[in-house]
Amino acid sequence: MKNEIPYKIYLSESELPNAWYNVRADMKNKPAPLLNPGTGKPVTFDDLAHVFCDELVKQELDNDTAFIEIPEEIRNFYKMYRPSPLVRAYCLEEKLQTPAKIYYKFEGNNTSGSHKLNSAIAQAYYAKKQGLKGVTTETGAGQWGTALSMACAYFGLDCKVFMVKVSYEQKPFRREVMRTYGASVTPSPSDSTEVGRKMLAEFPGTGGSLGCAISEAVEAAVTHEGYRYVLGSVLNQVLLHQSVIGLESKAAMDKYGIKPDIIIGCAGGGSNLGGLISPFMGEKLRGEADYRIIAVEPASCPSFTRGRFAYDFCDTGKVCPLAKMYTLGSGFMPSPIHAGGLRYHGMSGILSQLYDDGYMEARSVTQTDVFEAAEQFARCEGILPAPESSHAIRAAIDEALKCRETGEEKTIFFGLTGTGYFDMKAYEQYNNGTMTDYIPTDADLEKGFAGLPKIG
């Protein structure tokens, strides 16, 4: 090979991280505390313990411990599909005729098809350790639900999944993978919960939202003895577990003397982006290195680029704690785009604080532009990417084209969160020319902002 850097860089099992990295420990401005919706005061361990597993509550509230040990049982499970490869996109570089070097971390080499399994197995482990019967959750496009159903099957836990209705209908095969692993899957909003019935009455014919599905899953957890709710994004604990992505990436790059200039990740709730950038952001926070970090979100659900940094409910039913985040309002009902994993009204509190403090930037992209990039990537690199991942691909290609214009030899690194083989309905629409773009008007967004709680 004429290039000294291999196409794929693999770490050995012995190089798998022993601990997750908690970026909050290095943040000067910590994320604002979650608030109890009843009292308006910061949540306590007891407030959260009836909803989440005890150990996960401790991780959620820990702003100071930099490294949290990964239990041996979880590390052993990780070894089935981790470390995941860091790939040099030589073919894409050649196609773009860019002097830029492009790398991506591929998280689709497991049955769930995405990075979500990194946190699912951890949350299922802690639920099992606590002696619970099962867990409830929501899922958008289905990657998280698939990952959690696989993790629950491994530990012998019951798994109840509320899947956003539009994705339930668009992605029947992902639904069937969940059922194959033993999960029950309910389209949300549903008539099986009080919150769901309220949403159906208020929004007849709605395709649902992640915020609504969260409300249903929480209600199901607190009304069934021996169950707890688990979440696949947004929360501090999830970003902590996903830091394994960034830690592996950093170790692989250090092995070959690679330093990225630009780091790019898709952003919906923040799990992938937060995990991908964590060790790099830690260096930036400590003043040890500098990186340009870009969050890419759908133009139809632009939490960062058009949202407000304010306290808001994490769910449509307003039963979860309030979080200070970039939000479109818990009542915002996003359009039924195919990137179902990015259809959430708010953003991780950690990422929101970092963005507000100027440590990262954000941009929004339209659906058709995203699928144009996805198709180009698939033809060059041989992987059909998930619609969510393709938001990062879009921005990576755009940055590489800028390098072609300027002649700059920048190193671009992005997260390929998973595969799109269960998203063929979306690709069909794109190939048929029937895919449309939706960008909410200012008036649309004001409806969501009007429902923001009056706090601070």
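This is a predicted model: local features need pLDDT of at least 70, side-chain atom pairs count only at pLDDT 80 or more; totals for chains, interfaces and linings use all residues.

Analyst: Residues are numbered from 1 along each chain as its sequence is written, and side-chain values use heavy atoms, with hydrogens and water left out.

User: What makes β8 and β9 the edge strands?

Analyst: The open sheet has 4 strands in the order β8-β7-β6-β9, with parallel pairing. Strands are DSSP runs of E with at least two residues, helices are runs of H or I with at least four, and both are numbered from the N terminus. Two strands pair if DSSP finds at least two bridges between them. Strands β8 (184–188) and β9 (227–229) each pair on one side only, and are the edge strands. From one strand to the next, the twist averages 20°.

User: How do you know that β6 pairs with β7 and with β9?

Analyst: The bridges are counted against the cut-off of at least two. Between β6 and β7 there are 6 bridges, and the strands run parallel; Glu138 stands opposite Phe162 in β7. Strand β6 (residues 134–139) is joined to β9 by 3 bridges, also in parallel, and Thr136 faces Tyr229 in β9.

User: Why is β7 described as largely enclosed by the rest of the structure?

Analyst: Of the 7 residues of β7, 5 are buried, so the strand is largely enclosed. Buried means under 20% relative accessible area, exposed over 50%, and partly exposed in between, with a 1.4 Å probe and protein chains only.

User: Why are α5 and α6 called oblique to each other?

Analyst: Their axes come within 8 Å and cross at roughly 40°. Axes are lines fitted to C-alpha atoms, for helices over the stretch in contact, and angles run from 0 to 180 degrees between N-to-C directions. Angles under 35 degrees count as roughly parallel, over 145 as roughly antiparallel, 65 to 115 as roughly perpendicular and the rest as oblique. Helices α5 and α6 are therefore oblique.

User: Which residues make up the contact of α5 with α6, and how do they divide by class?

Analyst: Contact means heavy atoms within 4.5 Å. Among the residues that meet are Leu117, Ile121 and Tyr125 in α5, and Trp144, Leu148 and Phe155 in α6. The residues of this contact divide into 13 nonpolar, 2 polar and 1 charged. Here Ala, Val, Leu, Ile, Met, Phe, Trp, Tyr, Cys and Pro count as nonpolar, Asp, Glu, Lys and Arg as charged, and the others, Gly among them, as polar.

User: What makes α15 and α16 roughly perpendicular?

Analyst: Helix α15 (residues 367–381) and helix α16 (residues 387–406) pack at about 85°, with axes 8 Å apart. The two helices are therefore roughly perpendicular to each other. By class, their contact has 8 nonpolar, 3 polar and 3 charged residues.

User: Why is Lys250 called buried?

Analyst: Lys250, in helix α11 (residues 236–255), has a relative accessible area of 14% and is therefore buried. Beyond its neighbours within four places in sequence, Lys250 contacts Pro279, Phe280, Glu283 and Tyr291.

User: Is Met325 buried or exposed?

Analyst: Met325 lies in strand β13 (residues 322–327). Its relative accessible area is 0%, so Met325 is buried. Leaving aside neighbours within four places in sequence, its contacts include Arg308, Phe313, Tyr344 and Met347.
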